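Me: I would like to learn how to read a structure feature by feature. Can we go through one together?

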Amino acid sequence: MTTTPRMSLPLVNCDRLLQSIDDLANVGRLPQGGVRRIAYSPEDCQARQWVQNQMTQAGMTVRIDPAGNVIGRYPGQQDHLPVLATGSHLDTVPCGGRYDGAFGVLAGLEVVRSLHDRNLHLRHPLEVIVFTDEESSMIGSKGISGRVFPDPDYYRRPDGESIQDCLARVGGNWDQIHLAQRQPHEIAAFLELHVEQGPILESMGKAIGVIEGIVGQRRYQISVEGQENHAGTTPMYMRCDALVAASRVVLAVHEVANTPGQQVATVGQIQVFPNAVNVVPGRVEMSLDIRDLSSLHIDRLLEQLDLHVQEIAIATNTKIRFERRLRNEPALAEPHLQEIIATASQALDLSYTYLPSRASHDAQELAVITDMGMIFVPSENGLSHSEFEYTSPEECVQGANVLLHSLIQCDRYYSDTH
Ligand SMILES: [Zn+2]
């Protein structure tokens, strides 16, 4: 058995990282400590400007691409090599936390500052990317992957503002958004550090999550057609009650998904027609959201569900239809990047586990064009998209160090293989 000598690698500056998290949380701060930085808002613009200033001070050149992404570049020893990239987003949901997105950007910034302090450069140039509007459209990362929908109306904001105006405000340009697309040979790998936004790491007592991939997602509209009728005069045995059938479908969804495996399935929306106390429900419309790392597994779950649904339709004398509304394929993390993150965690004496991400991230778009890896740190009580989102200072520093060491390992890996 051989033992690997302990690497003497740089560590990030804890105090500076934590101070940056505090400083940025003041931009759009809410009374209970959360943050409101909706994409393209004055607060979002202010945060983007703040990060640009920090990037420049850390020895990076900064540009804004037509999709509005802020891209800081720290030169490599061999500056012609493809870049190693990291980053995340600064925009938040209306009542968000201070870590979702911002933490990944600030940890990337801190990695560069830590190298810059020591006048170190990786062989590869290093980019820290602030992606535009992760929370609603992901237009920034989709710009980079080349998967922006051509119709600008698709991106119109809820208040009616056009995407042209929004992008112009953050330094982007809708008419040239195709130029934001990056080619596979330009980016060697992308690593995103993010808070878990779920309870798994905390419940397992693990410091680091090595992400296996970002789950695929399907959404369906389920329509149940029965017969509306008088709630007093229609005997039970003569009813075609759409809500009774729908209720059984909800239970079947739960039953099919609540089996070994990492899949999740949810009926989260339901409408009953005519929705009156004295009428047997004639029609129900409801949603189905189903997610897993394997498309094949989702197919199998849907087949099982279909068998249940056919039985339910016969038993309740109703018609049940599924209409697909969304299909997102899973984005798998590159196995060697998972290994690099696991090795970096070990080298730092940090416990880790492998897990899928069940939330969307910019990394899923980057996976379309390059090798993708993701690192999670715990979220207290699994809370996120909440003012009460919390990750301890220690956990933040641990995550940033794993990012730093993983990028250093990537620098070696991609130097050897390209
Ligand atoms: Zn996020």
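Reply: Start with the metal. Donors are N, O and S atoms within 2.8 Å of the metal (3.2 Å for Na, K and Ca). Water is not among the atoms, so sites may look incomplete. This is a predicted model: local features need pLDDT of at least 70, side-chain atom pairs count only at pLDDT 80 or more, and totals for chains, interfaces and linings use all residues. Residues are numbered from 1 along each chain as its sequence is written, and side-chain values use heavy atoms, with hydrogens and water left out.

Me: Which protein donors does the zinc ion have?

Reply: His 89 (NE2), Asp 100 (OD) and His 194 (NE2). They lie 2.0 to 2.2 Å from the zinc ion. Along the chain, the donor spacing is H-x10-D-x93-H. His 89 sits in strand β3 (residues 83-89), and Asp 100, eleven residues apart from it, in the loop between β3 and α3 (102-117). Helices (H or I, at least four residues) and strands (E, at least two) are DSSP runs, numbered from the N terminus.

Me: Is His 89 buried or exposed?

Reply: Apply the cut-offs: buried means under 20% relative accessible area, exposed over 50%, partly exposed in between (1.4 Å probe, protein chains only). His 89 is at 1%, so it counts as buried. Asp 100 is at 6%, so it is buried too.

Me: How do I read a helix such as α2?

Reply: Check its length. The expected span is 1.5 Å times one less than the number of residues. Helix α2 (residues 42-57) has 16 residues and should span 22 Å; its end C-alpha atoms are 23 Å apart, which agrees. Next, look at its sides. Buried in α2 are Asp 44, Ala 47, Arg 48, Val 51, Gln 52, Gln 54 and Met 55. Their arc is only 165° around the axis, so they are on the same side of α2. That arc is taken from the directions from the helix axis to the C-beta atoms. Pro 42 and Gln 57, on the other side of α2, are exposed.

Me: What do the buried residues of α2 pack against?

Reply: Look for contacts, meaning heavy atoms within 4.5 Å. The partners are α1 (14-25), β1 (61-64), β2 (70-74), α3 and β4 (126-131). Gly 59 follows α2, with a positive phi near 85°.

Me: Where should I be careful?

Reply: Read pLDDT, the predictor's confidence in each residue, from 0 to 100. The chain averages 96, and 98% of the residues score at least 70. Over residues 1-6 the pLDDT is below 50, and this stretch has two contacts beyond near neighbours in sequence. Where pLDDT is low, predicted coordinates should not be read in detail.
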